[in-house]
Amino acid sequence: MLVDDVDLAIVKELQKNGRSSNREVARVLGVSEGTIRQRLKKLEAAKAMRLGLVTDATALGQTAAAYVRIKARPRHARAIAAKIADFPSCSFVGLTVGRFDIVAFISATSRDELVRVVDAEIAVMEGVLQLDVREPVGYAKHRFDLIHIP
Amino acid sequence: MRSVATNSTARPDAIDERILEELRMEPRATSKALGLKLSMTEVAVASRIRAMEAKGILRVVAQLEFRAAGYNILALIDVMVADRKINEVAEALSRIDRVGSVTMMLGDPPIIVQVQAADSADLHDLIVNHIAMIPGVEQVETNLIIDIAKWRTGSAQLHPTSLPG
């Protein structure tokens, strides 16, 4: 579904502060509290939006991360991506076309833990042919208001 | 009174951790509800949440399904850089609207950007007319995501980060 202007205005308010109450959002937008409640219900039911907690990676000790790019046997690629998606350490994984078949982003509380996930959990999966592990050294931008809601 | 430091290395304590755990499950839970659950006063919960927000430890935000936001294409692009500082190129990439993240890497490629686009023509425009036009961008390699198994953002660098607009 596509969102309309009222939906977008509500989303915008909740991007500034997702903990604003429906009453506060209603007051800012000049609509009724019931409208806010209904719109949010509709957006969440349609899996168009969710309210999410985002914590600072550094403050929470998530000091290690990597893009893990995988070449895999074609018939195993989807199953490998699904298995990686189950890892709490994985925030993104998808099938890709190009040089790789799967790309995942993995975070960990230490480099040792990152190495363990890559070596002991991903590299050993059936169908994994080759891993290309790339480590971030800094982030110039990281939008956290777009996601995929399954 | 608690002092509110704007220190990026500020770490949550054990009580903060319990509040974060609850907020992870129910981001809009009221301070009153959280207080009842954690045997704390509403005021104590609210002030801890405010302090964590002020320190840049947490944010509760509306997160849009990228398709609902009008995008249909997601890609990760390796950006090779020549004759210019990597962080200058990264900074310029950050200012492009359809660029979702810009990550500077150890070794090659020096930068990986995540982009979203409405369709393949829009992706082509983004690459050819915007990304490739940045001075210092030597070469790009696009990895098109054809199926997203998981994309959720519960953790980010909250300090350099900003929302659009």
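This is a predicted model: local features need pLDDT of at least 70, side-chain atom pairs count only at pLDDT 80 or more; totals for chains, interfaces and linings use all residues.

**Two chains and the contact they share**

Let me begin with chain B, whose domain assignment gives domain 1 (14–54) and domain 2 (73–145), where domain bounds come from an automatic or database domain assignment. The C-alpha centres of these two domains of chain B lie 39 Å apart. Chain A is likewise divided, into domain 1 (5–45) and domain 2 (64–134), and in chain A 37 Å separate the centres of domain 1 and domain 2, taken over C-alpha atoms.

Residues are numbered from 1 along each chain as its sequence is written, chains are lettered from A and ligands numbered from 1 in the order in which they are written, and side-chain values use heavy atoms, with hydrogens and water left out.

Now, how many residues does each chain bring to the contact? Chain B gives 75 residues and chain A gives 64 residues, contact meaning heavy atoms within 4.5 Å. Between them, chain B and chain A bury about 6800 Å², 54% of it on carbon and sulfur atoms; buried area is the accessible area (1.4 Å probe) that two parts lose on being put together, summed over both.

Across this interface the rule finds 52 residue pairs in polar contact, with both residues at pLDDT 80 or more. A polar contact is a pair of N or O atoms within 3.5 Å; within protein, one must be able to donate a hydrogen and the other to accept it, and residues adjacent in sequence count only if both atoms are side-chain atoms. On the side of chain B that touches chain A, strand 5 (residues 137–151) of chain B gives the most, with 11 residues; helices (H or I, at least four residues) and strands (E, at least two) are DSSP runs, numbered from the N terminus.

The rule also finds 4 salt bridges across the interface of chain B and chain A, a salt bridge being a side-chain nitrogen of Lys or Arg within 4 Å of a carboxyl oxygen of Asp or Glu. B:E141 forms a salt bridge with A:R99, and their closest N and O atoms are 2.8 Å apart.

The strands deserve a moment too, and here two strands pair if DSSP finds at least two bridges between them. An open sheet of 4 strands has the order 7(A)-1(B)-1(A)-6(B), with mixed pairing. Strand 7 (146–147) of chain A and strand 6 (155–156) of chain B stand at the edges, each with a single partner strand, so one side of each is left without a neighbour in the sheet. Strand 7 of chain A pairs with strand 1 (residues 58–65) of chain B in the parallel sense over 2 bridges, and B:L64 in strand 1 of chain B is the bridge partner of A:L146. Elsewhere, strand 6 (residues 136–142) of chain A and strand 3 (residues 99–105) of chain B pair in the antiparallel sense over 5 bridges, with B:M105 as the bridge partner of A:P136.

I will close with two backbone details. The peptide bond from B:D108 to B:P109 is cis, with omega near -5°, and B:P109 lies in the loop between strand 3 and strand 4 (111–117) of chain B. In chain A, A:K47 has a positive phi of about 55° although it is not a glycine.
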